[in-house]
Protein chains: 2
Amino acid sequence: MAASGRTANPEIIWARPERAARGPRPAHTRAEIAAAAVRVADAEGPEGVSMRRVAAETGCGTMSLYNYVPRKEDLYELMVDAVSAEYDLSAPPSGDWRADTLALAGQTRALMHRHPWLPRLMSPAHGFSPNALRYLEYFLWVLEPLDAEGSTKMELISMVNGVVSAYVVNELSEAERARTSPFPPGQEHAARMAHLARELSGGAYPRLAGVLGTGFAAVDLDAQFERALGRLLDGFAPGRAGRRQSVSASSVTLKENRSPR
Amino acid sequence: MAASGRTANPEIIWARPERAARGPRPAHTRAEIAAAAVRVADAEGPEGVSMRRVAAETGCGTMSLYNYVPRKEDLYELMVDAVSAEYDLSAPPSGDWRADTLALAGQTRALMHRHPWLPRLMSPAHGFSPNALRYLEYFLWVLEPLDAEGSTKMELISMVNGVVSAYVVNELSEAERARTSPFPPGQEHAARMAHLARELSGGAYPRLAGVLGTGFAAVDLDAQFERALGRLLDGFAPGRAGRRQSVSASSVTLKENRSPR
DNA sequence: ACCCCACTACGTACGTCGTACGTAACTAGG
DNA sequence: CCTAGTTACGTACGACGTACGTAGTGGGGT
């Protein structure tokens, strides 16, 4: 009969014990495999993370990996959890939830710079890994001085992480594209810019041409990041909590144009 | 000798003419192929979009696709541009940049609900497609009443799109996971919830347990979406433009912990 | 102490993917 | 009209995720 490891249980990987009660002791650990996968992704990008490659990096046969990781998607989950251990959550919150949140966001940004594959491999469903729980708990601790409902706090956390992720993806997009591109470095970007200049010179996009024409001379990315996030947090600051009534009147709700699919 | 279509030019697909000067007239158009790919992605998800599948849907041989699309990544670009044509940008801005921006964000959200693969396939590098330029131009038109620098406006656009994308990914994550999961519907989610409950009952995450324990009874997603975005826009509203000085003092900058890679 | 069997390790194999390349048919510019 | 550049597409290659079979291993029940 098939071994229990083969029967496809819809189990979360974190619910499955690392070591089975019976049988020989595994030659590797989850942490080892996660570290190997992270090493591969750091060095070769997320597209380099294949079961064969990670198995080779771990030092075991390809199919042996499936004893530790039932599906490749779970390997991603292991990877995200592994790098999430890099969060430094040792210092207790200062009491200034705004500053602490910005510091946390800064850590997330740094994490994503160290592991550029993180935004692509992270998914909202990864919220149950040990380090994700640790991170969430700490974030809620940071937000304790904030006078808001629990659901609002969770919303804030999601928004902050979403914004950080979006911001970093923008920051890294050119580098990522250059890394993936099969052409000499810079050539693709040059072709893009040439095309953009050609389009803008046609006069069909006057406002865009005006904005892009003035140039983006050496913006301070760190300052821009803080400014953008600070604006988001301002929206959560008490005292200005009220939604402006002029909004919901004119904005489009989704109900009327949701697809029937 | 190799045909020019084969030599790998780092050209942007939008810079390459749809119809070559010489040779027989192509049997299909870019729009046809993009529509076919969108049809496949809508019906089977982004992982169903293979060159073979799209070629079959288009009604041509697999390798004939490469006459229209040099690489698969360019097919993604075609798809994103194709659905971006669904934006209704006919009405001139009302003069209320805040309301108009929320309406635009609502359109983006609706678009992503109709095409759930959009957030995953969209990349910041897709900003040069015809419909992306049209969208950007319109957005800048909407923002004309806002007294801010061009770079700030571009920042706002990026942030809004980032937040909308992050929000929708969160909204759709459970449905997407159910669609991808090889297990009976709901079973995976149930297993996740059971695991979460088990973890929380251990007492290691008291704040998280408190927040999640109160339950999220039937939140109004539309209202939540508007509230979240409204908060973001509040940060851009003039009169409160100044960054709070307490911020940059205590927040973590990236310079000190950027990886040398 | 022993045995049994769940479990580990891993080689082989299948179907699918992106796409390089060769060839035949076709069509506009000289 | 010729001919060169282009379209159409079949074949083929290497890499992927992973189902499955088999051999070996070691801990719990007797």
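How many of the 18 residues of α4(B) are buried? In this predicted model, the count is 13 of the 18, so the helix is largely enclosed by the rest of the structure. Helix α4 of chain B, which spans residues 97-114, reaches 25 Å from its first C-alpha to its last, a value close to the 26 Å expected at 1.5 Å a residue.

The largest nonpolar core comprises 110 residues, of which A:Ala37, A:Met79, A:Val163, B:Ala37, B:Met79 and B:Val163 touch the most other members. When neighbours within four places in sequence are left aside, A:Val163 is in contact with A:Ala228, A:Leu229 and A:Leu232 of chain A, and with B:Met159, B:Gly162, B:Val163 and B:Ala166 of chain B.

Around DNA strand C there are 28 residues, and those that come nearest are A:Gly23, A:Ala27, A:Gly61, A:Met63 and B:Pro24. Helix α2 of chain B, formed by residues 51-58, gives the most to the surface near DNA strand C, with a contribution of 3 residues.

A further residue examined was B:Met154, whose place is in helix α7 of chain B, a helix that covers residues 150-180. Because B:Met154 has 19 C-beta neighbours inside 10 Å, it counts as partly exposed, the threshold for a buried residue being 20 or more. Between B:Met154 and B:Glu137 the separation is 17 residues in sequence and 11 Å in space, taken from C-alpha to C-alpha.

Key
Residues are numbered from 1 along each chain as its sequence is written. Chains are lettered from A and ligands numbered from 1 in the order in which they are written. This is a predicted model: local features need pLDDT of at least 70, side-chain atom pairs count only at pLDDT 80 or more; totals for chains, interfaces and linings use all residues. A nonpolar core is a set of buried Ala, Val, Leu, Ile, Met, Phe, Trp, Tyr and Cys residues joined through C-beta atoms within 7 Å. A residue is buried if 20 or more other C-beta atoms lie within 10 Å of its own, exposed if 12 or fewer, and partly exposed in between; C-beta atoms are placed from the backbone. Two residues are in contact if their C-beta atoms, placed from the backbone, lie within 7 Å. A residue is near a molecule or strand if its C-beta atom, placed from the backbone, lies within 6 Å of it. Helices (H or I, at least four residues) and strands (E, at least two) are DSSP runs, numbered from the N terminus. The expected span of a helix is 1.5 Å times one less than its number of residues.
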